[in-house]
Amino acid sequence: MRGVTAALRVLDDGAWLSVSDSRVVGVGELWRLRGFCECEQADFVLEGFTETGVDGRTVEVRAYGTCIVCNEAGPTDWLPVGRLVDTDTPRARDGERGVFHALANSAPAAGAGSRGATDVPANGAGSSENP
Amino acid sequence: MSVRMPTDVEEWKSEVYGQEIRDHLMEFAEEGWESIPDDEHDAWFERFKWWGLYHQRSGQESYFMMRIGTPNGVLEPGQLEVVGEVADEYARGPAENPEFGAAYADFTTRQSIQLHWIRLEDVPEIFDKLESNGLTTQQACGDSWRNIVGCPVAGKDANEVVDALPVAENLNETFKGDENHSNLPRKWKVSVTGCREGCGQGDINDLALEPAEKDGRMGFNVRVGGGLARNEPRLARGLDVFVTPDQAEAVSGGLSSLFREYGDRENRYNARMKFLVDEWGADEVRETLQEEFVDFELEHAGEDLRDQYTYNAGTGPAAGSHDHADGAAADGGVAAQYPGGDHDHIGVHPQGDDNFYVGLNVMVGRMGVEDCLELADLADEYGSGEVRLTQRQNVIVTDVPESELDAFLAEPLLDDYAPDPSPFERGSIACTGTEFCSLSIVETKNRQVRFARWLKQNVDLPEGVEEFHIHLSGCTASCAQPQIADVSLRGMKTRKNGEAVEALDIGLGGGLGEDPRFADWVAQRVPADEVPGAIENLLGNFADAREDGESFREFVENRDEETLAELIEPEETSYTDPYMHNTKLTWYPYAEEDDMDDGPAPVPSDEYPVEADD
């Protein structure tokens, strides 16, 4: 798989994360986050993605949403959402085509220190239909 | 040397966009769904939007939503029948919706039409049928001029002050397909209104032309930078520019060009005109328009009619309002049986000629194909065949002679699409929701139908309250325009007894009129099955606590959010909600076997799926 290009994108008004033209994570689910708010563990409704990238092999997103426990709303720090395997490329952002190899896409990501652990739902997404 | 565009979407647009997408679309359709290269899905699905095609959400791959833009909501004689026939033949999904059946058309808040479950392979035949009947999907979505909206009875209204329909039609003909305006930083939404009611909803558009008078000439004042999406609602701001109908094209094109040149292509979240107006201010927009984009001297704004606006003005059918229909009630006759309607065009109203128009309520804008075809027949039988769409997701049959009114009103179809619906049915708007849309957090259309049904059966509006708007939007994109409703509902999630359930934020007191205001979001994450009870309690508390005949909007304006939150009191009632589970994680929320893996998508291009539960 070496040399295969992967592309990470947030599309359709932040409705979903695309990895290599596959919809891998969508909005609208409850995520368990640490460090988003004063709660020990936020119960976070993810309302939209704003950007994506990688840290090492970990695919990350920034998102906005609301903790349903304390009502804190706003943007998150980088959140891990999956891992690329067999990669030798350090980073990619929307608008760049990183040189990645394969994706372990919908597995809950490992904890990432202060960014907290995510409980990533395995659904994908599609298009918003704003008229 | 190649130039790298700032985002992938801009990169794709720089490669292929606008008219030229069509050839590729037709080629893919001819060769089948599988012919779209796997690593080009994102790019092509983004481009297809320009031709009105949205790839449906996860679990529904290979199916598309198709949007047909009908400028100013006008469906010429015969066109509704065509829409019904297209929906009947090509928009039948693999499972039925329990409220609306297997095939239906959606009338949107921008006076357009949406069909679902469209197969790529059928697009050439559909385009042939639509285009040979004067309809098109071109620029119905994507980063360009969208369907132009306006007063749905433009050209028919007995009290219209500016003949706005030719202006809207000219803008549509000029800028639809114009390569100079086909690749903008983001969507460009335009409203053109010539009536006294403010029903064109110019305040929430990127560009609004609103009626005004200057030095004895009638024309339009220009406003820019309105919009509701992404928790960043903005009212359009006055540009201090008056245009005559003849100048509307030059100034509108100048503003579109200004947006093309200065809109933010680096960041799609920041790309809408409202953010450019935030950054620059209206004065700088005007100066730049004058210096760079028009070649005549702009006139300062004329005297507007905003103090006469009655549409969604929060006051009900006020005495002395300039009703679109105001001759009717005074004359007596059949129109007097359907009083009001100045705000939303529902009911029977006189036109400027001797005929009448009849506005019919369409719950959440969705009409089954059999009903579409029946309505098309009735419009032809009793009127001219023309049908118009409103921004409240309703339909209007125009050109009905007085002698035909009684017979038309007696048609059985009008039992379901009433000219005199209950206020709760009349005030309902809902977006697409998780049925098809991935940005939505909750199910919407069927839920709103159930809400209205329950409220109609169980709740009376307080004395003097004759209109009451409840808008349900599945997310912050605000397609149902929740911020301008009396009760604004926006999709969220919460936990109930430990389980994740669909919930709604509740906002109050939004509306348009002379002094528009956005709703105050006063209650968060009310479980969806407790929302009807919350509305019932809210209305009861409002009736008890209102002072001196306060309108609902005045009541909200006069109280702080904490007080209002206490009046909502969510509770379970006899209302039941079958969509509390996570509808987003189904392939289709109403399918008997609804797991993601149970759906037929993607469907190979050489086969059509059988019913999922067959």
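**Helix packing, sheets and a chain contact**

Biologist: How do the axes of helix α4 and helix α11 of chain B cross?

Modeller: The axes of helix α4 (residues 79-90) and helix α11 (residues 369-382) of chain B come within 8 Å and cross at roughly 160°. Axes here are lines fitted to C-alpha atoms, for helices over the stretch in contact, with angles from 0 to 180 degrees between N-to-C directions. Helices (H or I, at least four residues) and strands (E, at least two) are DSSP runs, numbered from the N terminus.

Biologist: What should I know about the model first?

Modeller: This is a predicted model: local features need pLDDT of at least 70, side-chain atom pairs count only at pLDDT 80 or more, and totals for chains, interfaces and linings use all residues. Residues are numbered from 1 along each chain as its sequence is written, while chains are lettered from A and ligands numbered from 1 in the order in which they are written.

Biologist: Back to the helices. Are α4(B) and α11(B) roughly parallel or roughly antiparallel to each other?

Modeller: Given that angle, α4(B) and α11(B) are therefore roughly antiparallel. The cut-offs: under 35 degrees is roughly parallel, over 145 roughly antiparallel, 65 to 115 roughly perpendicular, and the rest oblique. The crossing of α4(B) and α11(B) is left-handed. That word applies if the near helix is turned anticlockwise from the far one by less than a right angle; clockwise is right-handed.

Biologist: Which residues of α4(B) and α11(B) make the contact?

Modeller: From α4(B), they include B:Leu80, B:Val83 and B:Ala87. From α11(B), they include B:Cys372, B:Leu375 and B:Ala379. Residues are in contact if their C-beta atoms, placed from the backbone, lie within 7 Å. The residues of this contact between α4(B) and α11(B) divide into nine nonpolar, one polar and two charged. Ala, Val, Leu, Ile, Met, Phe, Trp, Tyr, Cys and Pro count as nonpolar, Asp, Glu, Lys and Arg as charged, and the others, Gly among them, as polar.

Biologist: New topic. How many residues of strand β20 of chain B are buried?

Modeller: Eight of the ten residues of β20(B) (499-508) are buried. Buried means 20 or more other C-beta atoms within 10 Å of a residue's own, exposed means 12 or fewer, and partly exposed is in between; C-beta atoms are placed from the backbone.

Biologist: Over how many bridges do strand β19 of chain B and β20(B) pair?

Modeller: Strand β19 (residues 487-496) of chain B and β20(B) pair over ten bridges, in the antiparallel sense. Pairing needs at least two bridges found by DSSP. B:Leu504 in β20(B) is the bridge partner of B:Gly491. Their hairpin has two residues between the strands, and B:Asn497 takes a positive phi near 55° there. Strand β21 (residues 520-527) of chain B is joined to β20(B) by five bridges, also antiparallel. In β21(B), B:Pro527 stands opposite B:Ala503.

Biologist: Which order has the open sheet of five strands in chain B?

Modeller: The order is β3-β15-β16-β13-β12, with antiparallel pairing. β3 (74-75) and β12 (347-350) are the edge strands, each pairing on one side only.

Biologist: What about chain A: how many helices and how many strands?

Modeller: Chain A has zero helices and nine strands. Of its 131 residues, 56% count as buried.

Biologist: How many residues does the contact take from chain A and chain B?

Modeller: It takes 31 residues from chain A and 41 residues from chain B. β5(A) gives the most to the side of chain A that touches chain B, with four residues. That side divides into nine nonpolar, 13 polar and nine charged residues.

Conventions
Two residues are in contact if their C-beta atoms, placed from the backbone, lie within 7 Å.
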